[in-house]
Structures are given as C-alpha cells and as structure tokens.
Amino acid sequence: MGTISTLIIKRLALGFFVLWIVSLIIFLGVSLLPGDVASEMLGQSALPETVAAFRGELGLDLPLHIRYLRWLSGLLTGDLGHSLANGRPISELISERLGNTLFLAGVAACFAVPVSVFLGLLTALYRGSLFDRIANVVTLTWISFPEFFVAYILIMFLSVHLGWFPSLSAVREGDSLIHAVYLVVLPSVTLTLVVAAHMLRMTRAAVISVLGSPYIEMAKLKGVAQRRIIFWHALPNALAPIINVVVIDMAYLIVGVVVVEVVFVYPGLGQLMIDSVQRRDVPVVQACSLIFAATYVLLNMIADVLSIATNPRLLYRK
C-alpha cells in the first residue's frame with residue numbers, strides 16, 4: 001500500500017511539473033500570435049490611440065513575464081482570472097461548458113468501451129478467422145481517418161441524406177436526457193469510431209499475448225474449452241494493459257473533443273477554447289488547456305494505479 005502511495009505522490013509531482021510547462025508553452029504560443037484581444041474587439045478601423053488605451057485598460061501593455069507571473073500567482077490561489085473579451089470570470093465560462101464536454105465524453109465511452117473490449121475478445125477468440133481479418137481491416141481503416149473526416153462522412157449520410165440525426169448538436173440547459181443523447185449521437189459515434197479501433201486492437205493483442213503463457217497451454221492440455229480459457233484464465237491476466245488503453249482513450253475522449261465540438265458546433269470546452277483563440281483571449285485559452293492537460297495527467301495516474309491493483313507484480317522490476 002505504501003508503494004502505491006509513493007507512486008501516486010511521484011505521479012502528482014510530475015503532473016504539476018507538466019502542467020507548469022504546458023501553461024508556459026500555451027501562454028507563449030498564444031502571445032506570439034499576431035494581434036491581441038484589443039485589436040480584435042475594436043476592429044481594423046480603430047485609431048491607434050484607442051487601441052493603445054484599451055490595451056492599457058486590459059493590462060496588455062505590461063511585459064510578457066509580468067502578465068504570466070500575475071496569472072500564475074492567481075492560479076495558485078484558485079483564481080483563474082477574468083476573460084479579456086467579455087470580463088466574465090473564467091470559472092463561470094468553464095463551468096457552463098465543462099459539463100457538456102464531460103456528457104459527450106461519457107456518452108461516447110458508453111458506446112466505445114463495451115463494444116471495443118467485447119469485439120477485441122471475440123477477435124482473440126477467433127484469431128485467424130474471416131471475422132478477425134475483417135475486424136483488423138476495418139479498425140486499421142478507421143484509425144487512419146482523422147476525426148473531422150469521420151464527422152463529415154456521418155453528417156453526409158446520417159443527417160443530410162437519411163435525416164436521422166441533426167447535423168448540429170445544439171444541447172441546451174433544460175433538455176431531457178433522452179433528447180440530449182439524441183442530439184449528441186453523431187459526435188459521440190465519431191469519437192467512438194476513432195477510439196474503439198485502438199481499444200479493440202490493444203485488447204486483442206493483450207489477450208493473444210497472454211494466450212502464449214504456460215498455464216494457458218496447461219489448460220488447453222486439460223481439455224478446457226477455448227471460450228472458458230479466454231474469459232476465465234486469459235482475460236484476468238490481460239486486464240492491466242486493457243485498463244491502461246481504456247483509461248488513456250477515456251482521456252482522449254475528453255481532451256480530443258476539440259475538433260469534434262467545432263465540427264458539430266457543440267457548446268463544450270473545446271468550442272470555448274477555439275473561440276477564445278480567435279479572440280486572442282489568452283487567459284481563457286490557457287485555463288482550458290490546463291484543464292485538458294490536468295485531465296490527461298489525472299487519468300494516466302488512475303490507469304497506473306488500476307493496472308497495479310489488477311496485477312501487483314507491476315510494482316516490482318524484473
């Protein structure tokens with residue numbers, strides 16, 4: 001138990017260091033973009049004196065390192081600051097969108113995880129069969145497609161031609177759960193097709209790797225059925241890599257929704273970050289990026305802990 005606690009502390013320390021590096025990179029990257037929020041809001045016809053006065057009002061005339069240190073000190077005290085574009089607290093802007101992003105990722109996970117793990121077990125069970133070969137071809141094809149391409153294909157067939165689902169996922173507060181799920185079917189299916197292929201192939205590889213173990217050979221010699229060998233003997237010992245890939249893909253479902261939210265105009269955290277980049281709203285962009293990075297770091301740590309919980313031998317070096 002103490003070793004797991006030490007692992008968690010090390011992962012948290014590394015995670016905070018990664019978040020600091022991410023905040024620095026994002027701040028510098030956005031700051032180096034041409035223009036700023038003052039020129040973006042006032043437009044090209046504004047006088048230079050007006051733009052300069054507005055920049056001074058927003059604090060954009062301060063040196064870069066001073067602005068970054070002010071933002072970092074506020075973050076350490078729990079204050080994300082205010083949006084430069086509309087003056088609203090960033091915590092309010094994020095709280096309005098974060099729930100939508102988590103809802104979309106949750107719906108996609110409910111589709112992707114059980115389907116991909118089950119199909120991965122089936123392909124391992126019927127390894128070398130026609131079903132296995134077809135599954136490999138289909139998963140390799142889907143992995144090769146970027147999210148926006150899959151999204152536009154689904155929109156063209158399921159929305160434009162068939163009219164089954166809306167092309168825009170305009171989820172609003174007060175919508176019923178069934179209606180909200182109906183609105184996010186296309187973006188969640190897009191995310192499912194992208195991550196399910198990876199989970200399926202990793203599940204198949206993990207189970208097949210365990211099937212080469214001596215105790216599996218002994219079970220086969222005893223006449224144990226192949227189905228029982230996979231579900232009762234191979235699967236429990238293959239859980240560690242399966243849990244790793246599932247949790248990592250869960251992180252991708254939350255972090256990688258930016259493109260999907262933009263395509264479907266979904267009111268989530270990814271859409272908020274893209275809008276803020278266009279307005280050069282640096283504090284909002286940095287806050288959204290830190291949330292995505294923190295989600296990825298946290299889920300990576302959870303994946304490590306769950307993998308060790310299912311296979312304590314991972315604590316010890318070979």
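Ser 188 touches Leu 104, Val 107, Ala 108 and Phe 111, leaving out residues up to four places away in sequence. This contact comes from a predicted model. Ser 188 lies in helix α9. With a relative accessible area of 0%, Ser 188 is buried, because buried means under 20%.

The protein chain has 318 residues, of which 41% count as buried. Its secondary structure consists of 15 helices and zero strands. When contacts between residues at least 6 apart in sequence are taken, 72% of them join residues at least 24 apart.

**Helix α9**

Helix α9 covers residues 185-211, which makes 27 residues. How far apart are the end C-alpha atoms of α9? They are 37 Å apart, and this agrees with the 39 Å that the helix should span at 1.5 Å a residue. Along its course, α9 bends by about 30° at Val 195. Of the 27 residues of α9, 20 are buried, so the helix is largely enclosed by the rest of the structure.

**Gly 120 in helix α5**

Gly 120 has its place in helix α5. Is Gly 120 buried or exposed? Its relative accessibility is 0%, so Gly 120 counts as buried. Apart from neighbours within four places in sequence, Gly 120 is in contact with Leu 200, Thr 203 and Arg 204. Gly 120 and Met 199 are 79 residues apart along the chain, yet their C-alpha atoms are separated by 7.7 Å.

| Residue | Helix | Relative accessible area |
|---|---|---|
| Ser 188 | α9 | 0% |
| Gly 120 | α5 | 0% |

An α-helix has 3.6 residues a turn, so residues three or four places apart point the same way.

**Helix α5 against helix α14**

Helix α5 runs over residues 90-125 and helix α14 over residues 269-278. The axes of these helices come within 7 Å and cross at roughly 135°. Which residues make the contact? On the α5 side they are Leu 93, Ile 94, Arg 97, Leu 98 and Thr 101. On the α14 side they are Leu 269, Gly 270, Gln 271 and Leu 272. Sorted by class, the contact has five nonpolar, three polar and one charged residues.

Conventions: Residues numbered from 1 in each chain as written. Predicted model: local features only at pLDDT ≥ 70, side-chain atom pairs only at ≥ 80, totals over all residues. Heavy atoms only, no water. Helix = DSSP H or I, 4+ residues; strand = E, 2+ residues; numbered from the N terminus. Expected span 1.5 Å × (residues − 1). Bend = angle between axes of the 7 residues up to and from the residue. Buried < 20%, exposed > 50% of the residue type's maximum accessible area, 1.4 Å probe, protein only. Axes fitted to C-alpha atoms, helices over the stretch in contact; angles between N-to-C directions. Contact = heavy atoms within 4.5 Å. Nonpolar A, V, L, I, M, F, W, Y, C, P; charged D, E, K, R; others polar.
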